[in-house]
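Reader: I would like to learn how to read a model like this one. Could you walk me through it, please?

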Amino acid sequence: MQIQGQFAIVTGAGSGLGEGTVRMLVGENARVLALDQDAKALERLTASLKASPDSILARVADVADASQIELIFAEAVRLFGTPRILVNCAGMLGVGRLLKGDGTPRPLAAFRRVIEVNLIGTFNLIRLFCAAVHDQSALEGGERGVVVNTASVASYEALSAQTAYAASKGGVAGMMLPLARELARYGIRAMAIAPGSFDTGMLAVVPDHTRKLLLEDVPFPPRAGRPDEFAALVKTIVENQMLNGEVIRLDGAVRMREPQAMVST
Ligand SMILES: NC(=O)c1ccc[n+]([C@@H]2O[C@H](COP(=O)([O-])OP(=O)(O)OC[C@H]3O[C@@H](n4cnc5c(N)ncnc54)[C@H](O)[C@@H]3O)[C@@H](O)[C@H]2O)c1
């Protein structure tokens, strides 16, 4: 699918990988619905883009909230027409050990919230996107839409205190093949990207010594990834029709290893 002129939806648009994706899409002359729960981050983004109101619609919302997202979808479709591209980037790390030092268990609500945002929030957007696009006219090659989700290398090899995050991202990775199979009849493709460590708001909250340990393990390039490198893969996925039902690791060949310094802290 050519990006130019399409209407794209990006969640987690206010920061990091989502923000990089919005910048790429606007640069390619797409119209974008930018969703984030952080109003200030969205304001910063739209001010810095200097895009016309005809090309960007920024809305504050929680991706896990069904009725909130339904309302915004209806408004966006009215203004921008049929969406053709969905990029789910909204996510939270929600680090927390199963047991505290005194043996008390982690509150269930903390685990549930991570699943709600990263997994259910992703599904929430997919279901509304597919409802909006499945019966619309097909584009070149019979294609109607493309979904790009954000998994993580933590889908496969997460660290201590990441049980909720790993379960949520494993869930995202696991849904890609059944999504691609089910959506094939509508000409909608479903792909996911599993990033390693990327320089974003999420990595910024990781303590310096942990960040150093994580990056030491990246074979090449020995650094954190940049949001524009993530956005470049989103662009490739949208443009290459043979990419479907797969999770692509974007990680400099890292295989996450539990740093002993982290286990003991
Ligand atoms: N940065 C990394 O190293 C890395 C690695 C692997 C996967 N990821 C994944 O990439 C995605 C993007 O994260 P990032 O690294 O850009 O982090 P980030 O913190 O810079 O951006 C995440 C954005 O999502 C928004 N968000 C969080 N919860 C939301 C909700 N319920 N509703 C709407 N918006 C919400 C935040 O406000 C923020 O703007 C996430 O899904 C994350 O799990 C990141």
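**Strands, core and ligand shell**

Author: Gladly; let us begin with a strand pair. Strand 1 (residues 7–11) and strand 2 pair in the parallel sense over five bridges. Helices (H or I, at least four residues) and strands (E, at least two) are DSSP runs, numbered from the N terminus, and two strands pair if DSSP finds at least two bridges between them. Across this pair, Thr 11 stands opposite Leu 35 in strand 2. This is a predicted model, where local features need pLDDT of at least 70 and side-chain atom pairs count only at pLDDT 80 or more, while totals for chains, interfaces and linings use all residues. Residues are numbered from 1 along each chain as its sequence is written.

Reader: How many residues of strand 2 are buried?

Author: A residue is buried if 20 or more other C-beta atoms lie within 10 Å of its own, exposed if 12 or fewer, and partly exposed in between, with C-beta atoms placed from the backbone. In strand 2 (residues 31–36), six of its six residues are buried. Both faces are covered: Arg 31, Leu 33 and Leu 35 lie on one side, and Val 32, Ala 34 and Asp 36 on the other. For the chain, buried residues make up 39% of the 265 residues.

Reader: Which residues touch the most other members of the largest nonpolar core?

Author: The general idea is that nonpolar side chains tend to be buried together in soluble globular proteins. A nonpolar core here is a set of buried Ala, Val, Leu, Ile, Met, Phe, Trp, Tyr and Cys residues joined through C-beta atoms within 7 Å. The largest one has 63 residues, and Ala 8, Val 10, Val 32, Ala 34 and Phe 129 touch the most other members. Helix 4 gives the most to this core, with nine residues.

Reader: What does Val 32 touch?

Author: Two residues are in contact if their C-beta atoms, placed from the backbone, lie within 7 Å. Not counting residues up to four places away in sequence, Val 32 touches Ala 8, Val 10, Val 22, Leu 25, Val 26, Ser 55 and Ile 56. Over the chain, residues 24 or more positions apart account for 73% of the contacts with a separation of 6 or more.

Reader: Where does Val 117 lie, and is Val 117 buried or exposed?

Author: Val 117 lies in helix 4, and it counts as buried because 23 other C-beta atoms are within 10 Å. Leaving out residues up to four places away in sequence, Val 117 touches Val 63, Ala 64, Ala 90, Gly 91 and Met 92. Val 117 and Asp 65 are 52 residues apart in sequence, with 9.0 Å between them in space, C-alpha to C-alpha.

Reader: Which residues come nearest to the ligand?

Author: A residue is near a molecule if its C-beta atom, placed from the backbone, lies within 6 Å of it. There are 30 residues around the ligand, and Gly 12, Gly 16, Gly 91, Thr 200 and Gly 201 come nearest. The elements that give two or more residues to this shell are helix 1 (16–27), helix 4 (108–133) and helix 8 (201–204). By type, the shell divides into twelve nonpolar, 15 polar and three charged residues. Here Ala, Val, Leu, Ile, Met, Phe, Trp, Tyr, Cys and Pro count as nonpolar, Asp, Glu, Lys and Arg as charged, and the others, Gly among them, as polar.

Reader: Which peptide bond is cis, and which residue has a positive phi of about 70°?

Author: Most residues other than glycine have a negative phi, and most peptide bonds are trans. In this chain, the peptide bond from Phe 220 to Pro 221 is cis, with omega near -5°. Pro 221 lies in the loop between helix 9 (208–216) and helix 10 (227–239). Ala 253 has a positive phi of about 70° although it is not a glycine. Ala 253 sits in the loop between strand 7 (247–250) and helix 11 (260–263), and it is exposed, since 11 other C-beta atoms lie within 10 Å. Ala 161 also has a positive phi, near 70°. Its place is the loop between helix 5 (154–157) and helix 6 (163–174), and Ala 161 is partly exposed, with 18 other C-beta atoms within 10 Å.
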